[in-house]
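Dear colleague,

Please find below the structure that I am handing over to you.

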Amino acid sequence: MAKIIAVTGKGGTGKTAITSLLIRYLTKGDKVVLAVDADPDTNLPETLGCETSKTIGDIKEYMHDERDNLPPDINKESVLESKLYEILEEMPGYDLLVMGRPEGSGCYCYVNNLLRGIMNKLVNNYDVLIIDAEAGLEHFSRKIFRNVDDLVVVTDGSRRGLRTAERIRELVGELETDISNIYVIANKVTDANHEKIAGTAKELGLELIGMIPVDEMIVERDLAGEPLFDLPDDSAAVQEIEKIAQKLGL
Ligand SMILES: Nc1ncnc2c1ncn2[C@@H]1O[C@H](COP(=O)(O)OP(=O)(O)OP(=O)(O)O)[C@@H](O)[C@H]1O
Ligand SMILES: [Mg+2]
């Protein structure tokens, strides 16, 4: 069984940056890794330095459009499965799957149902599945993944970020997805807000598993439009991610 980790949190807190650095960490080991960009805005490939073209959204659209044109005796699940393998990007040390979003406004329930079965099967090919989730918990309420081992909520130094983490924790009880553990990572931490964050997390009963400082190397790469995947080992964020990954048992 793959260990499933989903990274969520308020918008702009660093979910994608943290996911890509956790993937960077995982590629140094020998685990078989599947990275999933579940944010319809699709930012993960860029921070990983990976060019992808097709997304699950495209496949959904194809299946939706071709549903009535496919020969009646053809197994729709097999068609979808083979399409999925076509868009699975094989990168050095990990595979990448991008959810994207279908262009159309139709109902994709039929494809989503098929997809769920296939995803839950696909998961068995991997040791670790790491998901860059969107800011809300949409995907989980739609139950693409039946269970998640670790839900990692990223927050920044703001009280609002921590409140979001608290709200996500409350929301988890209402989801149809089983979530075993909820952890919080504080990102873009400075000397000025370090203690305040730790204090507020404690007050809210959130399990803080790491505090990542504002990293000038990330800021520079961001400005230059360069990926974060190949940040050097001495980057402050990379070093903190290493400790977090170990706490997550990666
Ligand atoms: N530790 C850090 N130090 C400095 N800059 C950072 C750090 N972490 C993230 N950033 C920057 O903050 C911005 C937001 O990060 P990121 O895109 O990872 O957030 P996100 O939560 O995925 O956003 P969205 O909700 O839009 O998906 C980016 O410009 C990123 O480079
Ligand atoms: Mg993002």
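**The ligand and its surroundings**

A backbone N or O atom of Ala 17 lies 2.8 Å from an oxygen atom of ligand 1. This is a polar contact, meaning a pair of N or O atoms within 3.5 Å; within protein, one must be able to donate a hydrogen and the other to accept it, and residues adjacent in sequence count only if both atoms are side-chain atoms.

Please keep in mind that this is a predicted model, in which local features need pLDDT of at least 70 and side-chain atom pairs count only at pLDDT 80 or more, while totals for chains, interfaces and linings use all residues. Residues are numbered from 1 along each chain as its sequence is written, chains are lettered from A and ligands numbered from 1 in the order in which they are written, and side-chain values use heavy atoms, with hydrogens and water left out.

Two further contacts involve ligand 1. An oxygen atom of ligand 1 is 2.4 Å from an N or O atom in the side chain of Asp 222, and a nitrogen atom of ligand 1 is 2.9 Å from a polar backbone atom of Asp 215. Taken alone, ligand 1 exposes 630 Å², of which the protein buries 79%; accessible areas come from the Shrake-Rupley method with a 1.4 Å probe, and for residues only the protein chains shown count as cover.

Which residues are the closest to ligand 1? They are Lys 15, Thr 16, Ala 17, Asn 187 and Asp 222, out of 17 residues that surround the ligand (a residue is near a molecule if one of its heavy atoms lies within 4 Å of it).

Ligand 1 sits in the largest pocket. A pocket is found on a 1 Å grid over the protein atoms alone, as an open set of points where a 1.4 Å probe fits, with protein on both sides within 12 Å along at least five of seven lines; a molecule sits in it if more than half of its atoms lie within 2 Å of its grid points. The elements that give two or more residues to the shell around ligand 1 are helix H1, strand E7 (178–189), strand E8 (208–213) and helix H9 (216–224). Helices (H or I, at least four residues) and strands (E, at least two) are DSSP runs, numbered from the N terminus.

H1 covers residues 15–27 and has 13 residues. From its first C-alpha to its last, H1 reaches 18 Å, close to the 18 Å expected at 1.5 Å a residue (1.5 Å times one less than the number of residues). Twelve of the 13 residues of H1 are buried, among them Lys 15, Thr 16 and Ala 17. Buried means under 20% relative accessible area, exposed over 50%, and partly exposed in between (1.4 Å probe, protein chains only).

At the start of H9, a side-chain oxygen of Asp 215 reaches to within 2.8 Å of the backbone nitrogen of Met 217. After H9 comes Gly 225, whose phi is positive, near 65°.

**Positive phi values**

Most residues other than glycine have a negative phi. Thr 42, which is not a glycine, has a positive phi of about 50°. Thr 42 is placed in the loop between strand E2 (33–37) and helix H2 (44–48), and is partly exposed at 25% relative accessible area. Lys 188 likewise has a positive phi, of about 55°, although it is not a glycine. Lys 188 belongs to strand E7 and is partly exposed, at 39% relative accessibility.

Is Val 128 buried or exposed? Val 128 is buried, with a relative accessible area of 1%. This residue lies in strand E5 (residues 128–132). Val 128 and Leu 250 are 122 residues apart in sequence and 8.3 Å apart in space, C-alpha to C-alpha.

Thr 55 lies in the loop between H2 and helix H3 (56–66) and counts as buried, at 13% relative accessibility. A polar atom of its side chain lies 3.1 Å from the backbone nitrogen of Gly 57.

Asn 69, in the loop between H3 and helix H4 (76–87), is exposed, with a relative accessible area of 55%.

Yours sincerely

Technical notes: On a 1 Å grid over the protein atoms alone, a cavity is a set of points where a 1.4 Å probe fits but cannot get out, and a pocket is an open set with protein on both sides within 12 Å along at least five of seven lines; lining residues have an atom within 4 Å of a point.
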